[in-house]
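Please keep the sequence and the structure in view while reading.

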Amino acid sequence: MSHVVAERTNALNKGAGPLSYIRRGGALVSLLPLIPFLAFIGYFLAFPLAFIVRDSFLDNDKHFTLHNFALCFQGVYGHSFLVSVRLSVISAFIGAVAGAFIAHSIMRTGQRTRRAVAATSSVLANTGGVPLAFMFIASFGAQGLVTKLLKFLGWDLYGGSFTLFSAAGVTFVYCFFQIPLMVLIFSPALENMKPEWREASDSLGGTPFTYFRRIAIPVLFPAFLSTSLLLFANAFSAYATARAMTSGTLPLMPLLIGNLVDGNVIANEKHLGHALAVCMIGVSVIVMTIYALVLRYSKVKK
Amino acid sequence: MKRRLSAGNYLVLLCAFAFFVVPMIAAIEFSLRGDQGTTHGLSNYRWILAQEGFGANLFTSARLAAITAILVLLLMVPTIVYLHLGGARWKRIIEFICLVPLVVPVISYAMGVATAMPIFLQSTVYELSFLYVIVTMPYTYRALDVGLSSIPLLTLVEASKSAGATMRQTLVLVVMPSIRSAINGAIFLSVALALGEFTLAVLLHWDTFPTWINNVAQSNVLGAVSLSVFSLVGAWLVVLVVAVGPKSKHSDQNQEA
Amino acid sequence: MSNQHGISVNLQGVTKTYGTVVALNNFNLDIAPGELVALLGPSGCGKTTALRILAGLDTQHSGQILVDGKDIVGVPANKRNMGMVFQAYSLFPTMTVLENIAYGMRVRHISKEKQVARANELLELVGLQETGKRLSHQLSGGQQQRVALARALAIEPSVLLLDEPLSALDAQVRTQLRDEIKRIQTEVGTTTLFVTHDQEEAMAIADRVGVMRHGVLEQCASPQAVYLNPINVSVAKFVGAMNLLPAVVTTNNELEIYGQSVGWRNPDGLTARSGRALVRPEQLLLGSPTTDRPANAIVTNQTFLGPLTRISAKVMSDGNTLHVEMPSIEASDYPIGKNVVVTIQATSVLLDA
Ligand SMILES: Nc1ncnc2c1ncn2[C@@H]1O[C@H](COP(=O)(O)OP(=O)(O)OP(=O)(O)O)[C@@H](O)[C@H]1O
Ligand SMILES: [Mg+2]
């Protein structure tokens, strides 16, 4: 029983060296089961990220330079930054508001309906690229069903400047995956709303409006804001849909980077793509920092 | 509990239904058009089946989806269960790490992967699965975390342990069945992503079903629309059957993903 | 069934700290084969901790645990063969009642037929034959706890551990199930440690009651002994109701309480010459007041407790309120507002300085 004796000695030395040593040892030991996960993250996430950050600071001769970043904010690149951010903000806003309404309406349906909606949402939230683009072309394109139907009803969609292939058109199409993503992520927050709150508010003489204003909004606001930021990040990084719809002609960040990567690169801009990618991460990091701050100051949840 | 839907609820749901279903119906109508745009028929679908690479690429993507789902379960379930038990002190850090892929646009990630691990990526297309695990991580983490928070995990694990079960037995026999809907959610997400993912596949020069659709679309618009309908409706049916089809033994948990 | 003779358990000098909190402090407990010991004590005194350490769900910092004379330090929980019943919510939600009960046998790779046979046997033992196919949420709280008990017994445990298994239930189911646990335990003969903070429950079910305080086992004796001969003031105060009456030690080493002399014990070795005497409500008698005595009081309240009634009386001389328990039939003689005299009928009380 020698180790029992040793342990007893440690227990006696409470708070002193030996015990705090054990505690630190405990922290490391408690990390062991996380090794597979950390190794996976390290190799498949941290490692690639380190590489683009490194390359974004190199010129063609592998010397350190900041020139790549200077280019990022000039000319077509600077412009595309603005277009991308604007498009993402608008589609996140529409998606968040519409998605919140839909999630709220679905709350009142039965168990199986909600399951079906969740499953459907997870498919729709992942739609993108050619399938999504062609669905909208088939509906709202010059030959599309909706276009024809509207024409038949006397409204020529293409009479004015409408086109599906503009920034506005792309925003509209993005809603098709933004709204389901909102429904998917916002629903659990709504499900956590206790019916008792509503009942308490009513019995204390509150109107539906006071309930909404005083209880629902304060409780849900953090979840709403953080999900909106998530939608922003989602739209900001969307590539496949924009590419399928505009064949890369719209000035959007992901499309420009894609063009650079795809090969038709002017020699001295080899690492510009890396710098642009890092800039995109930078924007997302700013957004996600807000997300983290919002979460921190909203501990009222649950 | 089932409450009555108000008129406003119906209006919202009707609008949503229209927004999501009209493009699908339009696409279906479009896909049934003949060459002259007048006659309707299944000619476009026959054309798809005749295309070279249809079956092979579909199979590739299906296998990618299966491998991704398995990897997600193997990696994420034990990790998150552990974070809910002994490793609680690491939870905030791991949670943060799992959010990082949201911050990294897929296109940036693709560039990083291409630069950092050129050799790894040349061996086989199925290695894309590892990258898909990373890309879906924010969502799969969340689904599983919510599921585990909704059960008295510690009590169940201790009860199982004192009944003589090993940790592996406890995971498989007790924990995983208890969070089945959360696991389903994580599987939907990873399968849906793997079936539709385009950016990584195309930038890393692999052929999957989505990139194949993209190539085919260049030559035949009608065929491409038919393919879009096929892939979307197909994925939707699969997920719907898994979600609603089998009557769940326990109805107290909500499907959250 | 096996284990007819039970197995002995000895905890020797077990100490456990959480940071600066000492949950168990040199904890000693010996349980004889087949005995049922109830651990009783205020919230946070370390009862659960003791149980979990015995089960192997937590590890002690020092001390030994012997089961059947063998040291089991380092044996993991799933190898200790101890059946545990938790406070609530421990049934596996995805398994039927039978599957829950068979679980321990399943992980031991016992044949399917034997599993089913024994699970049914146990289901009968806890009186739930009809519910085998149900899921846990289709059972009432009391039924769930019976299943949990059956599940713990299914592995033929060397020791049965119960952590407040009845606290989530309502009073009636609680007494019923309590008696049933006692019956089954006697029938099966498994050595059992039962944790509760309900005194009545501990007294009713246990062969011996262990009273804990601040991680120390202060007294472990038969329910009668703990109640009638508490080993020290803190046990006396914790178990059962007590009146605290002003007392002075007289020259012939007796206590003077409201002008009456009473014998006393001094297990804590007090040196103070005055304090408060601990007197149980049933050790006080009420009578009609005669002259102006220090023990004269006025009835201020009556609480009906069923067979007994608790009468509160305010002592005139110092304004203290006393509680007296008497058969309800006699209580009508002492309505609120009546003047009474209080007599102490005890031979050996404790003094709290
Ligand atoms: N995991 C833990 N971390 C820190 N302190 C703990 C932990 N578990 C228990 N404690 C502390 O140890 C002491 C004993 O706890 P324990 O759970 O054994 O009490 P208990 O007697 O079972 O109380 P109750 O009747 O309320 O269940 C308490 O002061 C408690 O705060
Ligand atoms: Mg306890």
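Chain B and chain A bury about 8,000 Å² between them, and 74% of that lies on carbon and sulfur atoms. Buried area is the accessible area, taken with a 1.4 Å probe, that two parts lose on being put together, summed over both. This is a predicted model, in which local features need pLDDT of at least 70, side-chain atom pairs count only at pLDDT 80 or more, and totals for chains, interfaces and linings use all residues. Residues are numbered from 1 along each chain as its sequence is written, chains are lettered from A in the order in which they are written, and side-chain values use heavy atoms, with hydrogens and water left out.

**Chain B and chain A**

- Six residue pairs, both at pLDDT 80 or more, are in polar contact between chain B and chain A. A polar contact is a pair of N or O atoms within 3.5 Å; within protein, one must be able to donate a hydrogen and the other to accept it, and residues adjacent in sequence count only if both atoms are side-chain atoms.
- Helix H1 (residues 7–31) of chain B supplies the largest share of the side of chain B that touches chain A, with 14 residues. Helices are DSSP runs of H or I with at least four residues, strands are runs of E with at least two, and both are numbered from the N terminus.

**Domains 1 and 3 of chain C**

- The domain assignment, automatic or from a database, gives chain C domain 1 (9–81 + 157–233), domain 2 (98–152) and domain 3 (241–352).
- Taken over C-alpha atoms, the centres of domain 1 and domain 3 of chain C are 34 Å apart.
- These two domains of chain C bury about 670 Å² between them, 50% of it on carbon and sulfur atoms.
- On the side of domain 1 of chain C, Tyr227(C), Pro230(C) and Val233(C) lose the most area to domain 3, together 74% of what that side buries.
- Between domain 1 and domain 3 of chain C there are zero salt bridges.

**A sheet in chain C**

- Four strands of chain C form an open antiparallel sheet in the order S2-S1-S4-S5; strands pair if DSSP finds at least two bridges between them.
- Strands S2 (21–31) and S5 (70–71) of chain C are the edge strands, each pairing on one side only.
- Strand S1 (residues 9–18) and strand S4 (residues 62–67) of chain C pair over five bridges.
- Asn10(C) has Leu66(C) in S4(C) as its bridge partner.

How values were computed: A salt bridge is a side-chain nitrogen of Lys or Arg within 4 Å of a carboxyl oxygen of Asp or Glu.
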